[in-house]
Amino acid sequence: MEAGFHSAVSNAPKAGLRGDYSRASADYSVEQHWDAYTEAEHALWRRLYQRQIGLMPGYACEAYRDSLARLDASGGIPKLDEVTRALRGATGWSIVTVPGLIPDLAFFEHLANKRFPVTRWLREPREFDYIVEPDVFHDFFGHVPMLFSGWFADYMQAYGEGGLKAARLDALKMLARLYWYTVEFGLIDTGEGLRIYGAGILSSGGEVVHSIESPQACRVMFNLERVLRTDYHIDRYQDTYFVIKSFEQLFRETMPDFTPIYARLRTLPVIAQDEAVPGDVVVPAAAPRSPQ
Ligand code: HBI
Ligand code: FE
């Protein structure tokens, strides 16, 4: 990868923080410097995009697929300012470019103000199949299309407001589970069957089919308190997925003030990520599909 802004950044990986935070503003935003991406990076993006787009039919939810088709970022790393113009017109959201993971409070502040942080750098070729921290492919391909959907965008803004409150209540660990099991790994039960809306699944090469069809995983109808109590691993496929009926349901069921819920759940044991709980409404896995 020839020298340049991005390669200087990506050749200086620091454990967990890959980006260059030295140029970030107080809100952690940076310029995208789209011209600094190399042709090799655009080619890697196209490979990632082609692999993922082939997995979407029959697995990704309709709202996601419609948005992704309109965005059409198949040709290379998108110019995030251009996407922001379309996004503002749809739901009033905008994209803010960040160097990588940012502190929780800064992240919640952006969401509460309808700004979605998208990491600037793209993974290395050796990370084609798996990457721990979010890169521009995960953030854009996984998260951005869903922000064009009204109820989901409203849920994301409410999540940001809830995050600022949870920080004051020392309840961030519980609230992070809600983000994990909806925004990152959420499933929705539509008329045509189980579909995916979670970004962590949509941007994953292997978890798309696993989440819908694997008998090793279990799928449980969404229950707020169940989710807030359920632990998760960040480095493997999920054992449990939570299923909503609609994005409006997700927004409405997470509207109440969580303060009394946090107080009650603090007295209850954490539920392991692979534990079945009495009262779970289990959703059967979808039958394995013949290759498209
Ligand atoms: N920062 N850039 C970025 N992207 C994330 O998804 C992100 C973050 N900081 C914190 C965070 N996610 C999680 O702690 C959420 O649960 C808030
Ligand atoms: Fe994410």
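This is a predicted model: local features need pLDDT of at least 70, side-chain atom pairs count only at pLDDT 80 or more; totals for chains, interfaces and linings use all residues.
1. Since His-138 belongs to helix H6 (residues 136–143) and Glu-184 to helix H8 (residues 172–184), the pair ties together parts that are 46 residues apart in sequence.

2. Helix H8, which carries Glu-184, packs against helix H7 (residues 150–168) at an angle of about 165°, and the axes of H7 and H8 are 9 Å apart. The two helices H7 and H8 are therefore roughly antiparallel to each other, since angles over 145 degrees are classed in this way. The crossing in which H7 passes H8 is left-handed. On the H7 side the contact is formed by Phe-152, Tyr-155, Met-156, Tyr-159, Gly-162, Gly-163, Ala-166 and Ala-167, and on the H8 side by Leu-172, Leu-175, Ala-176, Leu-178, Tyr-179, Thr-182 and Val-183. By class, the residues in the contact of H7 with H8 are 12 nonpolar and three polar, with no charged residue.

3. Helix H6, which carries His-138, has a helix partner of its own in helix H2 (residues 39–53), and the axes of H2 and H6 come within 11 Å and cross at roughly 35°. Here H2 passes H6 in a right-handed crossing. The residues that make the contact are Trp-45, Leu-48, Tyr-49, Gln-52 and Ile-53 of H2, together with Val-136, Phe-137, Phe-140 and Phe-141 of H6. The contact of H2 with H6 is made up of eight nonpolar residues and one polar residue, with no charged one.

4. Helix H5 (residues 104–112) has as its buried residues Ala-106, Phe-107, Phe-108, His-110, Leu-111 and Ala-112. The elements that cover these buried residues of H5 include strand E1 (94–98), strand E2 (115–119), H7 and H8. The packing of H5 on H7 has an angle of about 145°, with the axes of the two helices 7 Å apart, and H5 passes H7 in a left-handed crossing. In this contact, Leu-105, Phe-108, Glu-109, Leu-111 and Ala-112 of H5 meet Met-156, Gln-157, Tyr-159, Gly-160, Glu-161, Gly-163, Leu-164 and Ala-167 of H7. The contact of H5 with H7 divides into eight nonpolar, three polar and two charged residues.

5. Two residues deserve a check of their backbone angles. Lys-114 follows H5 and has a positive phi near 60°, although Lys-114 is a residue other than glycine. This lysine sits in the loop between H5 and E2, and Lys-114 is partly exposed, with a relative accessible area of 23%. Asp-72, likewise not a glycine, has a positive phi of about 35°, and Asp-72 is located in the loop between helix H3 (62–71) and helix H4 (80–91).

6. Gly-186 lies in the loop between H8 and strand E3 (187–190), and at 0% relative accessibility Gly-186 counts as buried. Leaving out residues up to four places away in sequence, Gly-186 touches Tyr-181, Ile-196, Tyr-197, Gly-198, Ile-201 and Phe-242. Gly-186 and Gly-200 are separated by 14 residues in sequence and by 8.7 Å in space, C-alpha to C-alpha.

7. Tyr-21 lies in the loop between helix H1 (5–10) and H2, and Tyr-21 is partly exposed, with a relative accessible area of 21%. When neighbours within four places in sequence are set aside, Tyr-21 is in contact with Tyr-28, Pro-99, Gly-100 and Leu-101. From Tyr-21 to Glu-109 the separation is 88 residues in sequence and 18 Å in space, C-alpha to C-alpha.

How values were computed: Residues are numbered from 1 along each chain as its sequence is written. Chains are lettered from A and ligands numbered from 1 in the order in which they are written. Side-chain values use heavy atoms; hydrogens and water are left out. Helices (H or I, at least four residues) and strands (E, at least two) are DSSP runs, numbered from the N terminus. Axes are lines fitted to C-alpha atoms, for helices over the stretch in contact, and angles run from 0 to 180 degrees between N-to-C directions. Angles under 35 degrees count as roughly parallel, over 145 as roughly antiparallel, 65 to 115 as roughly perpendicular and the rest as oblique. A crossing is left-handed if the near helix is turned anticlockwise from the far one by less than a right angle, and right-handed if clockwise. Contact means heavy atoms within 4.5 Å. Ala, Val, Leu, Ile, Met, Phe, Trp, Tyr, Cys and Pro count as nonpolar, Asp, Glu, Lys and Arg as charged, and the others, Gly among them, as polar. Buried means under 20% relative accessible area, exposed over 50%, partly exposed in between (1.4 Å probe, protein chains only).
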